[in-house]
Amino acid sequence: MPGVTSDSGELNSLSVVPHSSDAQSPIVYPLRNHGLSPPLTRLSISWARGNTLRVSLLQSEEHNVGGKVVEVKLTNTDGGEITDAQRRRIEYGSVAPFALLQSHKNSSNTSLYDKDWWEHVMEYSKEINSLLGDSKSSAPIIGDPKVVLRKMEEPTSLRAAWELLEIFYVDKHCQTWIPERLLDWLADFDCLFSGTQPTVHAKLVAFQEELVTIQSVENDPEYWQAMSSALAVGWLDVVVKLLRLHGSYLFDQLGSREIENGLVEAVALLISQMPRMRPYLPAEKLGESYQTKPEFMKAWEKWRAQITKLDCSAFWLQCDHQKTRDGLKNMLQIMLGNASILSNVTYHWLELYISHFLYVRPFTVGLESMYTLAQKCMNLEPILYRHKLMGLIIGILEENTEVVLAECSRSFGPWMTTHAIELLTAGSIQAETLLHEQQSKLGGICIEELHRLVYAQILSSHALTWNIAAIYLTSCMKQGLGLLENLLYKQPVQHHQVLLKSIEICRLNGLEFVSCNMMKIAGVHYWKHGKKGSAVFWLQQARDELRLNRIAKHLFDFVGKSISDESFKQWEGMIELLGTESKTAGGLEFLKKYRDFRRSLQQVHEGITTEAARKAAEALISLMRNPSTPQQFWLPLLHDSLKLLNWKECPLINVSQTNILLNKLQDLSLARLRPGFVETDLPPEALKSIRLALGTNLGRAILDE
């Protein structure tokens, strides 16, 4: 996971929120009992698999020579954490839903308080939730009667927190059955609390491991304790499955334990018929669902009457098995809402909280008095270890947006805070005002923008996630674009893929000037490192006429000495790259014609026919007439064309063309008198040879005409 970038103190630093590493208290990971007596002569630490350290302990030579190797897992004690690779997958996967929601928000036809807006947020929440793992598991084809809990992948605290926010802030359909949603939530995530404190889930897991060795489960107190705990938190399917393991169901026991079996079955039937205030029940859940409160209240009173009738039945006196009788009576008291028994069979306040909603206050709808009940349950079941999910739940029940936001930031990090803000503001005017109000102490930005900037800063600090930071920066109206420019300028231009991605980001966000500057920087970088073809390409893309003309002058100085110079070959590829448009080439289009002339002249030196020599002569005249041909090239061109001027078969250049060349030579003689004239690297007798060849060619041309 990319870490928070440190504040370097530089003016152009990308740090948005100054922070100090000293403010974070160090984490201590204790070594388990290694059995070695001090002193230890050596301690060696190395990485093991995953996020585990291998610690080698070597004992003093004065004592018994030896040692031990132990492993220390570097992870949060809360459990339910995710790896760096999973976190990056979540970060990439959440970009598209976030961008789509921002698009809906910026639409002129969409209001944050519109009755349909929460549907957009709900769709966004479902897509994010799908990235955080799947807490559900598929049922096996052949079920084992002694498997009470199906094995499933351990859920994450991040997913648990996200589903809590979705239940209370987004899903308007569940406002009338929030207690039932909390029950489902606890069934999925109660295992997260097992690492730090006893839970119903841990109790059932431990009992399931012992179940295979128990012959008569009804004689084991743990059997009744596990069922009572599962019944208290509403896991009815687990309870009924455990009841069906009772010994009275065995074929050879039915005759002698008929009354006992009847009582067990009656309790199982009542549990499976428990009224539930919810619109539907999944196939694996037991109970009878009711959508309206009047129907539910009527069914509830009828169900409670049946429980009371069974509790007062005379059949209990005929049940000879005392543990069965006591266990079933205890379960009936749970369903009748006996608060003391509920407190005894649950292990933390949240389980007790759910049990009160199920059996003590079944008619609770919405958030009415939910926080008061939570305080009561926390007093009955004090918190021994404050799991990070507990703080979030309390903040939600308090209906305190600031506390919820602080818990998200402290316990789940900037990713959670940035994306959860969209859930907190779904239809809530109070939260909308709090999070979108401009804060002078924050430099005029709002809390929502602050958290997005912090998250974008963390993304930009990692080579694998910097490119998605642009999505979050562009959603920040005050400072986003400025920080995006800084981020793009800090990317290494020597990496081709990074440069292309930066240019694409500029194109999508209308930052053409930034893109142009980056291409200029890339061109200069490649030129300095000897990659001249890449340099010219990027300067052409940036239409940097100034630097292209400087390159032209550099090339003119290099290749203008002599056309026969073999070093000219290294420039041919770049000349091919230049193209023909003078505005794009920056004055270098002359080199393309120069290259063509050089090739035709090479054929002349190899003894090709007069026709080829005539074409080379035409190319020479074209170059000398072209105003873009630099003056420093005139003398080398004429010197290397001596064979054309002295062609034996016939003069290749007529009188008027010869006069043009003579005039050029005269202009060159006058230019020598001016300061700054660059002498060409030619033999001292080159000028005399050229004048003699031109004079001879002029005479022959006059006679020929």
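Helices H3 and H16 run roughly antiparallel to each other, a term used for angles over 145 degrees. This is a predicted model, in which local features need pLDDT of at least 70, side-chain atom pairs count only at pLDDT 80 or more, and totals for chains, interfaces and linings use all residues. Residues are numbered from 1 along each chain as its sequence is written, and side-chain values use heavy atoms, leaving out hydrogens and water.

Let us begin with the pair of helices. Two packed helices are described by the angle between their axes and the distance between the axes. Helix H3 covers residues 117–131, and it packs against H16 at an angle of about 150°, with the axes 9 Å apart. Here helices are DSSP runs (H or I) of at least four residues, numbered from the N terminus. Axes are lines fitted to C-alpha atoms over the stretch in contact, and angles run from 0 to 180 degrees between N-to-C directions.

Which residues of H3 and H16 meet? From H3 come Val121, Tyr124, Ser125 and Ile128, and from H16 come Trp415, His419, Glu422 and Leu423; contact means heavy atoms within 4.5 Å. These residues divide into five nonpolar, two polar and one charged.

Now follow the chain to the loop between helix H15 (388–397) and helix H16 (401–424), where Glu399 lies. Phi of Glu399 is near 60°, a positive value in a residue other than glycine. Glu399 is exposed, with a relative accessible area of 51%; exposed means over 50% (1.4 Å probe, protein chains only).

Another loop joins our tour: Arg543 lies between helix H23 (532–541) and helix H24 (545–559). Arg543, also not a glycine, has a positive phi near 55°, and it is exposed at 60% relative accessible area.

Terms used. Helix = DSSP H or I, 4+ residues; strand = E, 2+ residues; numbered from the N terminus. Buried < 20%, exposed > 50% of the residue type's maximum accessible area, 1.4 Å probe, protein only. Parallel < 35°, antiparallel > 145°, perpendicular 65-115°, else oblique. Nonpolar A, V, L, I, M, F, W, Y, C, P; charged D, E, K, R; others polar.
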